[in-house]
Amino acid sequence: MDLASVNEELAEIDGQIGDILRVLQNGFQKLEKIKDANRHSRQLEELTDKMRDCKRLIKDFERVSKAEAEHTDPATAKMLHDRKQSMIKELNSYVALKKQQASENKRIDLFDGPSAEDGFGEENVLLASNMTNQQLMDQGNQLMDETDQAIARSKQTVQETVNVGTETAAALKAQTEQMSRVVNELDSIHFSIKKASQLVKEIGRQVATDRCIMAMLFLIVAGVIAIIIVKIVNPHNKDIRDIPGLAPPVSRRLLR
């Protein structure tokens, strides 16, 4: 299966890895023919750099293939896994050749422990044969100093993380208290609104009662005014029949 049909980035990485592996093959073939120790060392260092580049590209290939395997069929995922294992196996063979050539050239190679992820270690080549004891001690002291500095930075990072966590907890506590106060205020507002609604209803009832009272007062005043008018019109309490124009029709007929 063509990798380009699966993922263009995988195909590009695969091509770069293939180019480096061909360079390693040709380089180790030439390395066997080099007799000069200095040239041999330089060539071996160049091949070591190529192996580092190849390892980095294999990791990139693995990263992209894992992402691609999530939405591909099992056959394609298995093909990508087998392709990665094939590249690792071929690179490991060159790592073994490099160890052999370094041993023949009286050089000490320090390799990290094998990674469970990719199956081979990170090379860290140290040309100890060209270093004096004092240089070795200085190199060791330098590594120890760098380790101490790294530990100090880690401690500082941890302390900063603890401080940030403490500040975050304090801020959350303050926000919780503020929310509690807001809830209490909302409860108070709700109670006040309820109380005001009751007062409005009572005022409405009082207004209705006042209107009834006003109507009764109006009727009473109107009656008083009517009596006053009658008194003014008939000041001597004359009978209504004696008032001109107000005698009943029956009395008028009797008078006739």
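Contact here means heavy atoms within 4.5 Å. The model is predicted, so local features need pLDDT of at least 70 and side-chain atom pairs count only at pLDDT 80 or more, while totals for chains, interfaces and linings use all residues. Residues are numbered from 1 along each chain as its sequence is written, and side-chain values use heavy atoms, with hydrogens and water left out.

**Stop one: D14.** Select D14, which lies in helix α2; helices are DSSP runs of H or I with at least four residues, strands are runs of E with at least two, and both are numbered from the N terminus. D14 has 16% relative accessibility and therefore counts as buried (under 20% relative accessible area; exposed is over 50%, partly exposed in between, with a 1.4 Å probe and protein chains only). Now show L3, F61, R83 and M87: D14 is in contact with these, leaving aside its neighbours within four places in sequence.

**Stop two: F28 and Y94.** Rings of Phe, Tyr and Trp (its six-membered ring) pair if their centres lie within 6.5 Å; planes under 30 degrees apart count as stacked, over 60 as edge-to-face and the rest as tilted. One aromatic pair is counted by this rule. The ring centres of F28 and Y94 are 5.7 Å apart and the planes are at 5°, so this pair is stacked. F28 sits in helix α2 (residues 8-31) and Y94 in helix α4 (residues 74-104), 66 residues apart, so the pair links distant parts of the chain. F28 is buried at 5% relative accessibility, and Y94 is buried at 7%.

Over residues 213-233 the chain is 100% helix and 0% strand, with the end C-alpha atoms 30 Å apart.
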